Amino acid sequence: MSVRVQIIFYSMYGHVWRLAEAVADGARQVPGAQVEVYQVQELVPDAVLEQAGAKAARAAFGHVPLAAVDHLAEADCLFIGSPTRFGNMAAQMRNFLDQTGGLWSRGALVGKVGSCFTSTASQHGGQETTLTSMHTTLLHHGMVVAGIPYSDARLSSNQAISGGTPYGASTITGSDGRMPSDNELGIASFQGQHVTALAAALVRGRTA
Ligand SMILES: Cc1cc2nc3c(=O)[nH]c(=O)nc-3n(C[C@H](O)[C@H](O)[C@H](O)COP(=O)(O)O)c2cc1C
């Protein structure tokens with residue numbers, strides 16, 4: 001029995017990409033998981049990316065293929081990752097999701113499991129609102145939204161500054177080049193495994 005997983009992200013500086021790879025590592029631990037990682041189309045002009053210092057960072061994950069809207073229907077489990085933009089998902093992810101109207105009208109994503117992850121610059125910069133902004137779209141598609149249970153003790157750790165929420169994995173970039181910590185990557189990996197295992201159970205139930 002296989003469970004087909006697609007992890008779709010937008011990232012400008014690489015933080016959400018790193019979380020996506022950690023989610024993928026966790027998902028691959030589930031027997032039968034077929035895991036694919038995709039990024040969505042950039043919308044920001046090259047000159048603006050250059051000025052924002054993002055071009056070099058983006059080169060690190062330039063090899064990740066672009067997500068295709070029609071391909072989504074083939075998944076049993078979808079992970080959606082986006083950095084915050086003023087407490088919401090980034091326009092690049094909004095643009096991708098806004099192309100799924102045809103899938104919605106066919107009910108093509110109904111009953112699939114969905115889960116989200118994010119990144120903010122500051123500790124209280126809108127992680128939960130960004131995650132729930134993505135959940136709203138998944139719920140309109142009739143998807144089963146899953147988060148992260150507190151059985152992952154890393155969610156409750158106060159040993160160091162850390163992202164990680166019951167709504168989905170997260171990281172905090174700061175303004176000093178901080179990259180996702182081991183705690184944050186561990187939570188993202190846990191999310192990948194936990195949510196993929198839920199999707200696998202649903203697939204098994206439907207084929208039994
Ligand atoms: C237009 C814009 C709006 C942003 N809004 C917020 C915000 O509301 N809160 C916050 O903490 N960070 C905010 N940020 C910072 C980004 O969320 C941060 O650069 C991102 O999480 C880094 O992830 P990435 O490396 O995957 O691109 C904003 C950045 C931009 C460009």
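**View 1. Strand E5 (113-120) is largely enclosed by the rest of the structure, because 8 of its 8 residues are buried.** Buried means under 20% relative accessible area, with exposed over 50% and partly exposed in between (1.4 Å probe, protein chains only). Strands (E, at least two residues) and helices (H or I, at least four) are DSSP runs numbered from the N terminus. Val113, Ser115, Phe117 and Ser119 point one way from E5, whereas Gly114, Cys116, Thr118 and Thr120 point the other way; all are buried. The model is predicted: local features need pLDDT of at least 70 and side-chain atom pairs count only at pLDDT 80 or more, while totals for chains, interfaces and linings use all residues. Residues are numbered from 1 along each chain as its sequence is written, and side-chain values use heavy atoms, with hydrogens and water left out.

**View 2. E5 runs parallel to strand E7 (residues 168-172), joined by 5 bridges, and to strand E6 (residues 144-145), joined by 2 bridges.** Two strands pair if DSSP finds at least two bridges between them. In E7, Ser170 is the bridge partner of Thr118. In E6, Val145 stands opposite Gly114. E5 is also joined to E3 by 7 bridges, again in parallel.

**View 3. Strand E3 (77-85) is largely enclosed by the rest of the structure, because 8 of its 9 residues are buried.** Pro83 stands opposite Ser119 in E5. Strand E1 (residues 3-9) pairs with E3 in the parallel sense over 5 bridges; here Ile80 in E3 is the bridge partner of Ile8.

**View 4. E3 and strand E4 (residues 88-89) pair in the antiparallel sense over 2 bridges.** Arg85 stands opposite Asn88 in E4. The hairpin of E3 and E4 has 2 residues between the strands, and Phe86 takes a positive phi near 55° there.

**View 5. The shell around the ligand draws two or more residues from each of helix H1 (15-28), E3 and E5.** E3 gives the most, with 3 residues. Of the 17 residues around the ligand, Ser11, Met12, His15, Ser119 and Gly125 come nearest; a residue is near if one of its heavy atoms lies within 4 Å. By class, the shell has 6 nonpolar, 10 polar and 1 charged residues. Ala, Val, Leu, Ile, Met, Phe, Trp, Tyr, Cys and Pro count as nonpolar, Asp, Glu, Lys and Arg as charged, and the others, Gly among them, as polar.

**View 6. H1 is mostly covered, with 10 of its 14 residues buried.** The buried residues include His15, Trp17, Leu19 and Val23. The 14 residues of H1 should span 20 Å at 1.5 Å a residue, and its end C-alpha atoms are 20 Å apart, which agrees; the expected span is 1.5 Å times one less than the number of residues.
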